[in-house]
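Subject: Structure handover

Hello,

Here is the structure I promised you. Please open it alongside this message.

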Amino acid sequence: ELRAEWEDALAEARRVAADASASREEREAAGMALRQVKAAARRRDKEAKRAAKARRAAPVWRPGHEHRVGEVTEAAGHAEYMRSLEPAVASRCARLHATYPPPAKVPRCPEDPRFALALDVPRTPTERAAARTFLARHGYVVFRGAVGPDGCAAARDEIYAQLEASHEGFRRGEPSTYGALCSKRYGLPREQVVSTPAIARNRQAPGVRACFAALLLSEDEIADDENAEAAVATLETSEEHGSGGAQPAACAARALARARPRAHERMYISQDRWCFYRPTAGAPDEWATRPNVHLDVDPWSFIDGSAVPDMDYSTPSEFRAEVTCVSRDAGGPKVQAVVSLADNLEEDGGTVVVPGFNRTFEEWARALGPPEEHAEVSSAAGWAVRRKGGGGSFKFDARDPLYGLARRVPVREGDLLVWDQRCVHGSGPNASSSPRLAQFLRCVRRECVPPPARAARARAVLASLVESGFDLDRDLTSIGYELFGFADLEEDVFAHGR
């Protein structure tokens, strides 16, 4: 309506300006009409911004309490909010809400109900089947102790060292100095990829690979890998691979590649980063991160297969793009994960999931309608952030009842929390005197990266590791050689990188 009024007023102003016989009063009236429409547009814009800000700040989730949907929506003024929407938007929202899964609780650990139920790192076919079943039912699964205490402690030390180096006045263990940080970044560093030695070693931890293998590989593939690993155990100490004593880890890694020519073609690990949530007990309100839930997939291209990875890995941001540029039927299951580097209780803030959304994802996606209906940021029905080459993410409005279905998943130090990429997830704010420290991980089958991009990806990983001080000769394992994709490099390239 405003656009139509503007066009009418503009046409009248142009007509009057072109009419030499127009009186002064006519010219002033035409100018006044234009100014009035401009003022109305500014008021409408301010109202829209205020409404969007109110939706984002809506108190729809609090740590330490699992709401029923009705409680959350009523507390957030959801009914009144729905009545305030245009009928077409309200109808679309209601259609989407009808596809949401029923409220569900996060199963708790029998020995310590402060934490979510965690499965042991799967080592047998029975344990791997149990992990896949749990993931399919709940949309997430927790594995206990995928990263050991030493790996967690070393990673924490690196995170604090980076924070001290990048934020003047910050000192670990002294919360009074944490005001130098900003919660708008959700505790993330500015770097798109962090490959410091301890962080990189966690990516190649045997427990991490075993967990992802249980979810992404077949039993035949896992059996082949186990046989090859037994063979390379002999090669690592064989005299034909060196003389006198243990050989550098990189040599053993290449020995494994020769021993199992196909085993190294299984999976790639993501090159991601860490997060640090400040303790907020007694701290200013702005220290708490804002609750959020989202999907790291573009629903339309994920289902129709049009999300074709086009990354050339020329910049670190390409590793962020590969997370969301995924398709349902290409390369097996799609999962994401985070490893907790310290005990993470309910009130410490961190990952939330909507249990079971992976089972209703396709019904919800069909109810979305065309992507053009979700192009407006802060839309009540949610909005898409789409990549030109396919893929993207989907955000949910702060008053969406989906927030009432989000559940915190508290985990122990070293636990690996994995969720189906079709499962709505996000984070809740810290409300305790303890910080949250975590490292993000993701594993995909090798087929998810197009053949032309594999060598470029491996070169980028190698360069990042070397630049960050990771000692390839000392620290690289056969698992790292596989997961970092170094089998895609020519021997001379790898040697030059070393």
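First, the ground rules. This is a predicted model, in which local features need pLDDT of at least 70, side-chain atom pairs count only at pLDDT 80 or more, and totals for chains, interfaces and linings use all residues. Residues are numbered from 1 along each chain as its sequence is written, and side-chain values use heavy atoms, with hydrogens and water left out.

An open sheet is built from 6 strands, in the order 8-9-5-12-7-10, with antiparallel pairing. Strand 8 (383-386) and strand 10 (407-408) are at its edges; each has a single partner strand, so one side of each has no neighbour in the sheet. Helices (H or I, at least four residues) and strands (E, at least two) are DSSP runs, numbered from the N terminus. Two strands pair if DSSP finds at least two bridges between them.

Strand 5 (residues 292-295) pairs with strand 12 (residues 425-428) in the antiparallel sense, over 3 bridges. Asn292 stands opposite Ser427 in strand 12, and the bridge partner of Val293 there is Gly426. Strand 5 also pairs with strand 9 (residues 392-395), antiparallel, over 2 bridges. There, His294 stands opposite Lys395.

In a regular strand, side chains alternate between the two faces of the sheet. In strand 5, Asn292 and His294 point one way, Val293 and Leu295 the other, and all are buried. Buried means under 20% relative accessible area (exposed is over 50%, partly exposed in between; 1.4 Å probe, protein chains only).

**The largest pocket**

Which residues lie nearest the centre of the largest pocket? They are Asn292, His294, Asp296, Arg320 and Lys395, out of 41 lining residues. The pocket holds about 1,100 Å³ of space. Helix 13 (317-324) is among the elements that give two or more residues to the lining. Its share of 4 residues is the largest. By class, the lining has 17 nonpolar, 11 polar and 13 charged residues. Ala, Val, Leu, Ile, Met, Phe, Trp, Tyr, Cys and Pro count as nonpolar, Asp, Glu, Lys and Arg as charged, and the others, Gly among them, as polar.

A pocket is an open set of points on a 1 Å grid over the protein atoms alone, with protein on both sides within 12 Å along at least five of seven lines; a cavity is a set where a 1.4 Å probe fits but cannot get out; lining residues have an atom within 4 Å of a point. Grid points are joined across faces, edges and corners, and a volume is the space filled by probe spheres set on the points.

**Cavities**

There are 4 cavities of 30 Å³ or more. Strand 6 (335-340) and strand 13 (436-441) each supply at least two residues of its lining.

**The core**

The largest nonpolar core has 118 residues; Phe212, Phe276 and Trp364 are among those with the most contacts inside it. Helix 9 (residues 206-216) gives the most to this core, with 7 residues. A core is a set of buried Ala, Val, Leu, Ile, Met, Phe, Trp, Tyr and Cys residues joined through side-chain atoms within 4.5 Å.

Tyr313 has a positive phi, near 60 degrees, and is not a glycine. Tyr313 is buried, at 7% relative accessible area. Ser378 also has a positive phi, about 70 degrees. Ser378 is buried too, at 5% relative accessibility.

Best wishes
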